[in-house]
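Here's a quick walk through one chain, from the overall picture down to a few side chains. Have a look at it first, then read on.

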Amino acid sequence: MIVIAKSQEEQSENTGEEKKASGKWWSILGISIGVFIFALDVYIVNLALPIMVESLHTNFPTIQWVVLSYLLASAIFVLSAAKLGDMWSKKQLYIMGLIVFTLSSLLCGLAPNVGFLIAFRALQGLGAAFISGLGTAMIVEVFPAKERGLGLGIRAGVFGLGIMLGPTVGGLLITLGDWPLIFLINVPIGIIACLIVAYLVPPTAIDFTKPSFDVIGTLILTVTLTCFTLGITLLQSEGFGYNTALTLLIVSAISFACFLVAEARLAEPMLDLRIFRSLEFSLGLSLRFLGNFVMAGVIFMLPFFLKLVKQYPTEEAGLLLAVPPIIIVLTAPIAGILSDRFGSRIISLIGLVLMAIGCLVVSTFDTQLTVVSYILGIIPYGLGVGMFQSPNNSAIMGAAPKHSLGIASGLLSLSRILGQTAGVPLVGAVFSSVTVTNANLTINIDVTNAPIESLVFGTQITFRVVAALLLISTMLAVSLWQLEKNSWILSYSITNKKSP
């Protein structure tokens, strides 16, 4: 009888383990579908903007709000969505985000004019805030710590796949059904994702203490992020001499200081500032911001070089731009596995160094560049991004307290959004300044009209500046980690000496 009882107990344990194993894979599938349409949507929409201008009888400054309204909503609501994830069910909130994203995609596809399209895109950004802000936390919850890097690596690979397929799928959809189809395609995919998450993903942990929602912090943060995003966007289009942009950035800095003061004094803040006491967490977020800053700058710069300097046709340039995402898709899951085995720090640092090497190689590109040389030259950069992203995310989420996984996931998404928002105008400003100075052009002349030699020089200097920024940040990270290690050893030795 004892043997039979023991056998039944073992069978029960095995069944439980099987359910956990299947649950994590269903979770990664459901979350990956959400991440895929989220990544795909960004690049498809950018591709369709020129067609929308003509179809909706509008102009370029107005059509930019199709992108800006989405970006603003995502940046503003991502931390609020993440905080709610620490208070309520992440799974239910994620489903709600998918429903909002899917429904708003349908509305975008049916929009009768550009005003409605901009409004529906803002609604879509709200749904995207829940998808991007909670997905990482859900993966961390269902994957054991020893497999966390693998789970996040798969997510990073799927995100890279969305980026890679964006231009290709977008071009095909626009050819088949004009710009509305790029939004309508999200509807069946979103419905499938909702069903998988609702019926096959295990329930997430819920904090039954139910702390109150920080309305004051949310409002101040909304002002901060709105002013920052608008200010950076105006800098991109108008330059540093534009007073409105500088005013918005100053207001953003002041309101951010007010946010920190308010959060430090509130009993139940939206963002518990004590989370930043962890060097692993704070440094990881800073490096993530830097990584996305660089990636946004590279994505912005390469098309200009391929089109203006090499004068490749759009189709060929699109295929060449797909090379880094392909490498990222293949590398990210492997990097996640390596980080589980050797530690997140070393793998993410190797990734940063490879990104810097890749940027240095790209800085040698000139008019003599061949397709083979481009592919070989861009490989270190693609490998670096793939090796950096998932281990760094794993390090950040691993350093976050269990009760704050939602807000940590939200901070991950926010650092990506802000890095990308700042990367394009600031890297673009370096390129414009160097190119205009080299060509002796007046400030009012469009930089794209500069001689090819000046465009090459501007590209080369810009990528060297980016590489230097990566290398300096890597050395700073190593120094801080070494300082932390030495202080821990010193504290440990002092404690042992005091012991009898």
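## The overall picture

How many helices and how many strands does the chain have? There are 16 helices and zero strands, where helices (H or I, at least four residues) and strands (E, at least two) are DSSP runs numbered from the N terminus. Before going further, keep in mind that this is a predicted model: local features need pLDDT of at least 70, side-chain atom pairs count only at pLDDT 80 or more, and totals for chains, interfaces and linings use all residues. Residues are numbered from 1 along each chain as its sequence is written, and side-chain values use heavy atoms, with hydrogens and water left out.

Of the 500 residues in the chain, 50% are buried; buried means under 20% relative accessible area, exposed over 50%, and partly exposed in between (1.4 Å probe, protein chains only). The accessible surface of the chain comes to about 22800 Å², and 69% of that belongs to carbon and sulfur atoms. Those areas come from the Shrake-Rupley method with a 1.4 Å probe, and for residues only the protein chains shown count as cover. As for contacts (heavy atoms within 4.5 Å), take those with a separation of 6 or more: 83% of them are between residues 24 or more positions apart.

## Where α1 and α7 show up

Which residues form the nonpolar patch on the surface? They are Trp26, Leu29, Ile191, Leu195, Tyr199 and Leu200, with about 610 Å² of accessible area together. The elements that give two or more residues to this patch are α1 (2-55) and α7 (186-200), and the largest share, four residues, is from α7. To get into a patch, a residue needs over 30% relative accessible area and no salt bridge; like charges are joined within 9 Å, and nonpolar side chains (Val, Leu, Ile, Met, Phe, Trp, Tyr) within 5 Å. Leu29, for one, sits in helix α1 and has a relative accessible area of 36%, so it's partly exposed.

Ile33 is in helix α1 too, but at 16% relative accessible area Ile33 is buried. Leaving aside neighbours within four places in sequence, Ile33 is in contact with Ile189, Ile192, Ala193 and Ile196. Ile33 and Arg155 are 122 residues apart in sequence, yet 9.5 Å apart in space, C-alpha to C-alpha. Over in helix α7 there's Val187, buried at 17%. Val187 touches Thr102 and Leu106, not counting residues up to four places away in sequence. Val187 and Ile37 are 150 residues apart in sequence, with 9.8 Å from C-alpha to C-alpha.

## Rings and their partners

The structure holds six aromatic pairs. One of them is Phe289 with Phe293: the ring centres are 6.3 Å apart and the planes sit at 35°, so the pair is tilted. The rule here is that rings of Phe, Tyr and Trp (its six-membered ring) pair if their centres lie within 6.5 Å, with planes under 30 degrees apart counting as stacked, over 60 as edge-to-face and the rest as tilted. Both residues lie in helix α10 (residues 279-309), four residues apart, about one turn of the helix. Phe289 is partly exposed at 31%, whereas Phe293 counts as buried at 11%.

Phe365 and Tyr374 make another tilted pair, 6.0 Å centre to centre with 50° between the planes. Phe365 is buried at 4% relative accessibility, and Tyr374 is buried at 1%.

## Charged side chains

Where does the charged end of Arg121 sit? Over the ring of Tyr70, 4.2 Å from its centre. That label requires NZ of Lys or CZ of Arg within 6 Å of the ring centre and within 35 degrees of the ring normal.

There's one salt bridge by the rule used here, namely a side-chain nitrogen of Lys or Arg within 4 Å of a carboxyl oxygen of Asp or Glu. The side chains that meet are those of Arg345 and Glu280, at 2.7 Å, N to O. This pair links distant parts of the chain: Arg345 is in helix α13 (residues 344-362) and Glu280 in helix α10, 65 residues apart. Arg345 is partly exposed at 29%, while Glu280 is buried at 16%.
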